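A plain report is enough.

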Amino acid sequence: MGGLCVSISALNHDALFLTVDWADAPPSRHALIWLRDHDPMGFHPETGERVFDLLSVPEEPHLVDSSVVEDGQAVTLTWEDGHVTRFDSDFLRKQFLEKGRRAAAPIVPESWDGRFGERLPRHDHDAIMQDDRALLAWLEDITCLGLTVVENTPPVVGSLETLCRRIAHLRETNFGTVFEVFSKPNPTNQAYTADALPLHTDQSNQETPPGFQFLHTLRNEAEGGVSIFADGIRMAEDLRDRNPDAYRLLRDVKIPSRYFDDDWDIRFSRPVLAEDARGEPVEVNWNRHLTDVFDMDPEESIAYYRAYRAFLALTYDPHYRFELKSRPGDVFAFNNRRTLHGRTKFDPNTGARHLRGCYVDWTDMMGRIRVLQNRHGKA
Ligand SMILES: [Fe+2]
């Protein structure tokens, strides 16, 4: 709503609230303590950070006058201690329009089923590297749809990091800043075998699983090793429609995940599903390999297992998934807390298969999108 010339027609206040009458919309109500705490003079003029001492004013600050000024484009509030606050009408308008959603993602997700494979968005490496608008278009697609391919990323070590640092710094984990995906002796993780990998999200054992994952194919000559993707949001939406009790259990009951090797024992418990401020499912953290010992009551576990198996069955359902053999130079870029990924098994004796992966955190990606949108508008 930034930049809108919205006009205020009248103001009223009582002991706790200011009521704003708008020329073109229903009235909005603002708590006086909120208004005092958001006085523009309470923010540092250069850093923009809040420096106001909230305890320097009473819990119920008393307003002695409120006036509409500048043809309805601003208001002035005079407080009991003589301080005068001025607000742009745009600022007050935004407060009630964005209620509860200010920190939300700047893009609402769209869910998909397995037919999405036919219209998978493809972006070009060189365009992203050279043009901020191409970068923004890519990031908007990842955020909205949860999966894209970047083509023509040089299939050499280092180009994945350079591409992803266009977005932000990389999220380091116990697997390093970049992890290698190929079969190796004495594997500590299923990704280091040649086995099939069922659909999953990464690092459900972390307090904050990485928001976005990037998988770069350097070589993919082995027989098998076909990538599989499915949209966890669509599965959650369908489960909510068909089996609301199961949906609620997966949303509300925390289950434990764990990764361990000689150096690490990393554990966290969370529900499989999470909703946003709209009450819509936006997150799925699903990793059977990392699921630890269920520690719920035996009685509770009966109902929970029904729900858990119902979701597992959706991950096996061909309706939701599609398969794609990546080529050298392809980067799969996806929302790691939404888009489930996996692969078919491969035969390492038939040729090389080498992928490299890294992560970027959710809030860093959203931050880059906001900055680019402010600069260029939506792509
Ligand atoms: Fe994975």
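**Basis.** This is a predicted model, in which local features need pLDDT of at least 70 and side-chain atom pairs count only at pLDDT 80 or more, whereas totals for chains, interfaces and linings use all residues. Residues are numbered from 1 along each chain as its sequence is written, and side-chain values use heavy atoms, with hydrogens and water left out.

**Overall layout.** The protein has nine helices and 22 strands; helices (H or I, at least four residues) and strands (E, at least two) are DSSP runs, numbered from the N terminus. Along the principal axes, its C-alpha atoms fill a box of roughly 80 × 55 × 40 Å. The domain assignment gives domain 1 (8–97) and domain 2 (114–376), with bounds that come from an automatic or database assignment. The centres of the two domains, taken over C-alpha atoms, are 44 Å apart.

Of the 379 residues, 46% count as buried. Buried means under 20% relative accessible area, exposed over 50%, and partly exposed in between (1.4 Å probe, protein chains only). Among contacts (heavy atoms within 4.5 Å) with a separation of 6 or more, 74% are between residues 24 or more positions apart.

**The iron site.** The protein donors of the iron ion are His200 (NE2), Asp202 (OD) and His341 (NE2), which lie 2.2 Å from the ion. Donors are N, O and S atoms within 2.8 Å of the metal (3.2 Å for Na, K and Ca); water is not among the atoms, so sites may look incomplete. The spacing of the donor residues in sequence is H-x1-D-x138-H.

Histidine 200 is buried, at 9% relative accessible area, and aspartate 202 is also buried, at 10%. Aspartate 202 lies in the loop between E10 and E11. Residues up to four places away in sequence aside, aspartate 202 touches Phe179, Pro209, Pro210, Gln213, Asn287, Asn336, His341 and Tyr359. His341, one of these partners, is itself an iron donor.

**Pockets and cavity.** Rolling a probe the size of a water molecule over the atoms shows where empty space is left. The search uses a 1 Å grid over the protein atoms alone: a cavity is a set of points where a 1.4 Å probe fits but cannot get out, a pocket is an open set with protein on both sides within 12 Å along at least five of seven lines, and lining residues have an atom within 4 Å of a point. Grid points are joined across faces, edges and corners, and a volume is the space filled by probe spheres set on the points.

In the class counts below, Ala, Val, Leu, Ile, Met, Phe, Trp, Tyr, Cys and Pro are nonpolar, Asp, Glu, Lys and Arg are charged, and the others, Gly among them, are polar.

| Space | Volume | Lining by class |
|---|---|---|
| Largest pocket | about 1,000 Å³ | 13 nonpolar, six polar, 12 charged residues |
| Second largest pocket | about 620 Å³ | 13 nonpolar, 13 polar, seven charged residues |
| Largest cavity | about 80 Å³ | five nonpolar, five polar, one charged residues |

The largest pocket is lined by 31 residues, and those nearest its centre are Arg101, Arg102, Ala104, Ala105 and Pro106. Helix H2 (89–97), strand E16 (273–275), strand E17 (281–284) and helix H9 (362–376) each supply at least two lining residues; H9 gives the most, with four.

The second largest pocket has a volume of about 620 Å³. Of the 33 residues that line this pocket, Asn189, Gln190, Ala191, His200 and Asp202 are the closest to its centre.

One cavity of 30 Å³ or more is found in the whole structure. Its lining includes Ser204, Arg270, Trp286, Asn287 and Tyr308.

**Single residues.** Aspartate 37 lies in helix H1 (residues 32–37) and is buried, with a relative accessible area of 15%. Beyond its neighbours within four places in sequence, aspartate 37 is in contact with Phe43, Arg50, Phe52 and Leu54.

Most residues other than glycine have a negative phi. Aspartate 71 has a positive phi, near 55 degrees; this residue lies in the loop between strand E4 (63–69) and strand E5 (74–79) and counts as exposed at 75% relative accessibility. Asparagine 152 also has a positive phi, about 65 degrees. Asparagine 152 lies in the loop between strand E8 (147–151) and helix H5 (159–164), and is exposed at 51% relative accessibility.
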